[in-house]
Amino acid sequence: MAAAAVPVAAAAAAAGSEPAGPGEEAGAGPQCPGPARLARLPLARVKALVKADPDVTLASQEAVFVLARATELFVETIAKDAYVYAQQGKRKTLQRKDLDNAIEAIDEFAFLEGEFLLGFSWFQYFLDSPS
């Protein structure tokens with residue numbers, strides 16, 4: 001799976017607004033009800049997880065954003081693949097067995113075999129986010 005970076009001007013055009021100029025916040029135009037976020041995961045939480053690694057001393061905002069966006073794309077991909085197994089079971093709700101089936105069946109998830117979903121504590125970290 002290849003992910004392409006979307007330039008700010010292209011993202012703004014897709015959202016139907018002008019690109020933000022110097023000193024302006026992206027998505028702050030009158031037609032946008034709230035600030036446009038390019039990442040859905042809270043960047044402060046991602047940065048806190050990065051800094052929890054004793055080998056990491058500094059993490060730039062760009063690096064944190066890329067990690068957050070890559071995580072979002074990964075979760076989206078595995079959820080879509082697991083949803084196929086939920087549909088086969090005539091369900092709309094993903095269950096752990098759907099994720100396990102996707103991990104076993106799809107080669108790109110082979111690195112997760114035997115380790116995935118040992119606990120939801122990492123996921124709960126994002127759910128408890130105040131944002």
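Author: First, a term: helices (H or I, at least four residues) and strands (E, at least two) are DSSP runs, numbered from the N terminus. Residues are numbered from 1 along each chain as its sequence is written. This is a predicted model: local features need pLDDT of at least 70, side-chain atom pairs count only at pLDDT 80 or more, and totals for chains, interfaces and linings use all residues, while side-chain values use heavy atoms, leaving out hydrogens and water.

Reader: What is the mean pLDDT of the chain?
Author: It is 73, and 59% of the residues reach 70 or more. pLDDT is the predictor's confidence in each residue, from 0 to 100.

Reader: Where is confidence lowest, and where highest?
Author: Lowest in helix H1 (residues 8–15), at a mean of 40. Highest in helix H3 (residues 61–88), at 94. Over residues 1–36 the pLDDT is below 50. Where pLDDT is low, the predicted coordinates should not be read in detail.

Reader: New topic. How many salt bridges are there?
Author: The structure holds 4. A salt bridge is a side-chain nitrogen of Lys or Arg within 4 Å of a carboxyl oxygen of Asp or Glu. One of them joins arginine 69 to glutamate 72, with the closest N and O atoms 3.0 Å apart.

Reader: Why about one helical turn between arginine 69 and glutamate 72?
Author: Because they are 3 residues apart in helix H3.

Reader: Is glutamate 72 buried or exposed?
Author: Buried, at 9% relative accessible area. Arginine 69 is partly exposed, at 27%. Buried means under 20%, exposed over 50%, partly exposed in between (1.4 Å probe, protein chains only).

Conventions: Contact = heavy atoms within 4.5 Å.
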